[in-house]
Amino acid sequence: MNRMYGSMEPRVMDDDMLKVAVGEQGPREEAGQLAKQEGILFKDVLSLQLDFQNILRIDNLWQFENLRKLQLDNNIIERIEGLENLIHLVWLDLSFNNIEAIEGLDTLVNLEDLSLFNNRISKIDSLDALVKLQVLSLGNNQIGNMMNIIYLRKFKCLRTLSLSGNPIAEAEDYKMFIYAYLPDLVYLDFRRIDEHAKELAEMKHQYSIDELKHRENQMQIRQEEEQARRMKLEEHKMAFVEHLDGSYLFDSMYVEDVEGGKLSYLPGVGELVGAYKDKFVIICLNIFEYGLKQQEKRKAELDTFNECIHEAIQENQEQGRLKIAKFEEEHLMNLNTIREETDLLNIEKKIMECSEDITELFNVLMTLEMQLVEQLEEAINMFERNIIDLVGLFIENVQSLMAQGRDLENHHHEKLLEIAINTLEKTAKGELDEDLPEDVRALFVDKDTIVNAVGASHDIHLLKIDNREDELVTRVNSWCTHLVDKIHRDEVMRNCKRVKEINQYIDHMQSELDNLECGDPID
Amino acid sequence: MEVLREKVEEEEAAEREEAAERSEKMRPAEVWKEETPMTQEMLRDLEKKLSEMEIPTPADPLTFPKDTIDISMLPQSYKTNSPKEELMLQVADNFSRQYSHLCPDRMPLFLHPLNECEVPKFVSTTIRPTLMPYPDLYNWDSCAQFVSDFLTMVPLPDPLKPPAHLYSSTTVLKCQKGNCFDFSTLLCSMLIGSGYDAYCINGYGSWDLCHMDLTREVCPLTVKPKEKVKKEEKPPPKKYAIKPPRDLTSRFEQEQEAKRQEEIRAHEEKLRREAEERLLEATKMKPDPLHGLRVHSWVLVLSGKREVPETFFIDALSGRSYSPQDDHFLGIESLWNHKNYWVNMQDCWNYCKDLVFDLGDPVRWEYMLLGTDKPYLSLTEEDDDDLNDEDDVEALGKEDEDKSFDMPPSWVQQIEITPEEFETRCPNGKKVLHYQRAQLEKWAPYLNPNGLVCRLTTYEDLEYTKVLEIKEWYQNRGDMLELRHINKSTGLIIDYFKPGHPQALRVHTYKSMEPEMDRVMEFYEVARVDGLIKREETPNTMTEYYQGRPDFLAYRHIIFGPRVKKLPLNSTDSNPRPPVKITERFYRNPEKPADDDVAERVFLTTEERIQLRYHCRSDHITSNKREFLRRTEVDSKGNKIIMTPDMCISFEVEPMEHTKKLLYQYETMMQLKNEEKLSKHQAWESELEVLEILKLLEEEEEAHTLTISIYDTKRNEKSKEYREAMERVMHEEHLRQMEAQLDYLAPFLAQLPPGEKLMRWQAMRLKDECLSDFKQRLIDKANLIQARFEKETQELQKKQQWYQENQVALSPEDEDLYLSYCSQAMFRIRILEQRLNRHKELAPLKYLALEEKLHKDPRLAELLKVFG
């Protein structure tokens, strides 16, 4: 544990060190000569060994993007850092260092084998990202709490664990505890776990494990529920009618409405609001259902469109491939005849013919592509029209439903005003027998105040409704524009790519032919 | 007027024609009635014709030579008639008399022919419904095929009359031959036994039918099953389906082209039809002068029972089924099953095409017995009820009369077919049938040493001279060969194998068994480790198709170069041809990206060139290509060149960085070099395998080992031996048990109280008793032998005394008698003497043996040992 510092100066992981290591560990013999000729790029390196280098700080590893195996054992590293870019890492060896805490491993999702043997770690944590972990070596550390084991339950692939040399390993119950709490484990401290011992351990810790399992299950169920709810909401959001399947909108109308709350204390208003709410909720539900239905329609439309486009493209590609295959067959034969031909004139003629063939192929392929572009454009335009119509219809209907809601609100407002004025009159006459809260009573000082209060409430309500409507309309419109834009953009991209591909191919063919032309006279 | 007269003439002509036509077609029911206006001349003509005609009358009018049937072995029911049968015969005679009175112009009914014992038997009682114990014989088609295979056809003695004899099916089966009536009686018995509504028919058939001449029929085995033309339903075009590009070709030109095509096709069609007609002409035989008069018998199966949807005929001779509309069946006189007999009252002017087989209709079918379960007249439901009531009343009324009489049980013994007969099927296990341009030969399994069971030879012409193709079916072959198809015109042989060949061979198409020739081998790919489906060979190429391999190999094409001449040193090794070009294609490996997944690789071994073509990505139309060339290995300075950029020419659809590297290219090339070696090795192994398969096939062809099922108790020698050994062991075991039951101590033990343990003194006494008893028996036996010996000697002495006294007066005969007596007596005395001596010798030994046995007897041993 206590290795001597200062016997050698701590070294820095600089470029030279890495280059030397890479060069030493690179390919051998003939391949090695080639590698030396060309140099090896750090990002092509798959495995790197940096042991006994007296490294203090992990650094300069960001270029090794494709590294699979990294050995940094027997150094004096104190912190795990600088490994964020090595996302393909499968094997990481950090044993015999001076690490005190597990950290900096959150991006290494592919890690399967982690060795932290002989360090100063006292707590197992920060390993959440390592879902594929199979081998974990934590021997000779300072882990003292048995509860650290329970943390390891979440690693479903973990088969090998070593914890010997830790304070917990001295506990009497150490092995039994691990057997019981990590039932999928196969090797503990370099020994295969005996089935019988495992059964015994399970029996021993049955109660606590059952309890733990129960808790875990509940947690999982809760998570699943949460997930399902979120999915549902997402779905509703896609249909632009989220929170319309209940009284949410109605409730939100009254949240900011102080006056409305006060006014509900008036006699008869309670029932009025109740009835109003019922009706309003029904309208909301109508909008909600309509929205879902429309969403389905739009989805179906989009699916058919995508399918058709996909089919068309596939068919076109198939044709193109056929053409190319046919061409290649003939081309190969032509090239062979050219190679065998001795007469220069004939060669020239043949090459001319080949060149023509290539141009011909280019024309054919481009015609096919142009044809496809035209066909697709037509289909896309048709789809655009249809989807815009659909959205328009949706908006129109939602607006009419919203208008119904507004009518309800207006109606409610009139009723409320009537009640308010009646109450005012009653108060004026002093006939009001019910006792109202003080702040409500304050509204009934004169007519203006009460009318204003009722009006304010009404305005807030209307504003809420308008806001919701606006939100829906803007979102659906923006969705529609985005969709259409994306389709157009994708199509343009596809076209560009295909034209590029064709050109590249033709260029290659042509250059091959040219090479033949150049190469021949020399031979 | 002129027109009118012409018209009249035309009508008259038509009438005449019709009349002529009618007179041509024979109508058994009314044929004589209709032909009364026949002139004397015509009659004479007919007579002349008839006398000119040679009816092939066999020397013996009976179908069987008398001596082949051993009447004495037949049971009583064959030789006599029971009272009920007598009554039945009377009823039949009565019916026959009434019938001939009412219909004097019809042929006499076929009611009670004589059986093999010359006893008249009613036809219905000759039918013996029997359900065969073989599942193969449960359906009508296999039944009919069996009957037609099993029996040999003998023509009727008189083709114009039903036979005078109708033998029982048991006799027919024993002789394995019979006429059409025997055939249909047997078939009918079997069909009724398996639940069909079947009837024997006495009627008139065409020449072909009566002589089982199938030469104008197309062999059922050559008829190819019509391929169902599957119409692919085009899904309705989707909403956003793209429009096809505009068609810019000329509509007019297309139409012209179509017209021309149509004309050509019409011409071809015409030619074809003409050829067909010519063929038909050729196959048509000359008109039969006895058309419509030839008596025939076949089987009718009515719809209803056993899920038979439509009424149909079975010709028992050929085993084929026909529709009632068929032209071969010219008329029906009567039909019967095991319960009743019906006479056809319908007119057969249009053959059997218009006949209604509703046997409950008394107008159309005259029944003989008013059976209880006769088929009802099929009418609508309501009528049916009424009719039933009436019927019941009628039936009640008639019950008093003699007609309330049901058919006596069959006099025929149960029909039995032994498994051997069933397997052998055809008489002597062989049968030859001639069809139009085809000859079908059948053998019983295991009859031919090479397992051949059926051979179909197809000829080009009607005279069976030019062989077109031969199909041979095999059974129980050790190499699983099932069918061999030899096409004589192309010389191609196709062998089909059943699953189970050691190399999983399925089909083998070849012209000669020489290796390195044109051949195609198909395999059961699931049975092979390497997933090989097919291997095609030509003199210098080999193509293999694979399926379901972990390395996704789908196709390998090898072109071989000329064989290198080898030194005679290692001539023992096989000298494989060097592959010049190996092309391999691969299926898409879903785990790799498409532009890194090789689709095709070509090794040009002589040029040291390797070409790779990769799979095409789903959104691309071009694919990566790479070509490796390994040329001079040394540069101008004499250094070894490892890799240069021009050794790898590649085209990449989407250029990648790492593939540009020489290191990568070098590694790829090294890998490919290794794989090239492997592929070459594979090619060599494939060649070896072909040789091995050919060797195996040839060996099998020479050896003809037939496999025998372990369930085949008769043929399986091994199992037979084993079974016999088992039986022997069982028998011995049984004997031993019997012996064990004979307890020599039993009579002595019986004296003691049962269930108690033996005391020593008791054991001692038991032993002594047993021994003394045995001693007594030995003495008795000795005494007995002694007594006999003495008696013999005394008698001999007496005789000798008598001889000496009367020696003078004795005749030579007496003297001889005396001498022979003396020698015999001497012999007896000697034997007795020997026995006595032997007994004396053996008795002490036996005594000792018993003592020993007693000592060893588990019941006494303990007690005696202590003592001894």
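## Salt bridges

What do the side chains of B:Glu257 and B:Arg260 meet in? They meet in a salt bridge, with an N to O distance of 2.5 Å. Keep in mind that this is a predicted model. Both partners sit in helix 11 of chain B (residues 251-283), and because they are three residues apart there, about one helical turn separates them.

Over all chains, the count of salt bridges comes to 67. One of them is in chain A, where A:Lys154 pairs with A:Asp128 and the closest N and O atoms are 3.2 Å apart. A:Lys154 has a relative accessible area of 46%, so it's partly exposed. A:Asp128, at 47%, counts as partly exposed as well.

## A buried pair and its network

Back in chain B, the side chains of B:Glu584 and B:Arg556 also form a salt bridge, at 2.9 Å from N to O. Here again distant parts of the chain are linked: B:Glu584 belongs to strand 21 (residues 579-586) and B:Arg556 to strand 20 (residues 553-560), 28 residues apart. Are these two residues buried or exposed? Both B:Glu584 and B:Arg556 are buried.

The pair doesn't stand alone. B:Glu584 and B:Arg556 are part of a salt-bridge network whose other members are B:Arg528, B:Asp530, B:Arg535, B:Glu544, B:Arg601, B:Glu675 and B:Glu689.

## Helix 14 of chain B

Helix 14 of chain B runs over residues 662-703, which makes 42 residues. From first C-alpha to last, helix 14 reaches 61 Å, close to the 62 Å expected at 1.5 Å a residue.

Together with B:Leu688 and B:Leu691, B:Trp684 forms a nonpolar patch on the surface, and the three share about 240 Å² of accessible area. B:Trp684 itself has 31% relative accessibility, so it counts as partly exposed.

## A positive patch on chain B

Which residues form the positive surface patch? They are B:Arg777, B:Lys781, B:Arg788, B:Lys791, B:Arg835, B:Arg838 and B:Lys846. Helix 17 (760-805) and helix 18 (812-856) of chain B each bring at least two residues to the patch. Helix 17 gives the most, with four.

Take B:Arg777 as an example from helix 17. Its relative accessibility is 60%, and because exposed means over 50%, B:Arg777 counts as exposed.

## A buried isoleucine in chain A

For a contrasting spot, look at A:Ile380, which is placed in helix 10 of chain A (residues 344-429). With 6% relative accessibility, A:Ile380 counts as buried, because that label applies under 20%.

How far apart are the C-alpha atoms of A:Ile380 and A:Ile487? They are separated by 7.7 Å, although the two residues are 107 residues apart along the chain.

Key. Residues numbered from 1 in each chain as written. Chains lettered and ligands numbered in written order. Predicted model: local features only at pLDDT ≥ 70, side-chain atom pairs only at ≥ 80, totals over all residues. Heavy atoms only, no water. Expected span 1.5 Å × (residues − 1). Patch = residues over 30% accessible without salt bridge, like charges linked within 9 Å, V, L, I, M, F, W, Y side chains within 5 Å. Areas by Shrake-Rupley, 256 points an atom, 1.4 Å probe, with all protein chains shown as cover. Salt bridge = Lys/Arg side-chain N within 4 Å of Asp/Glu carboxyl O. Lys, Arg positive; Asp, Glu negative; His and termini not counted. Charge placed at Lys NZ, Arg CZ, Asp CG, Glu CD. Buried < 20%, exposed > 50% of the residue type's maximum accessible area, 1.4 Å probe, protein only.
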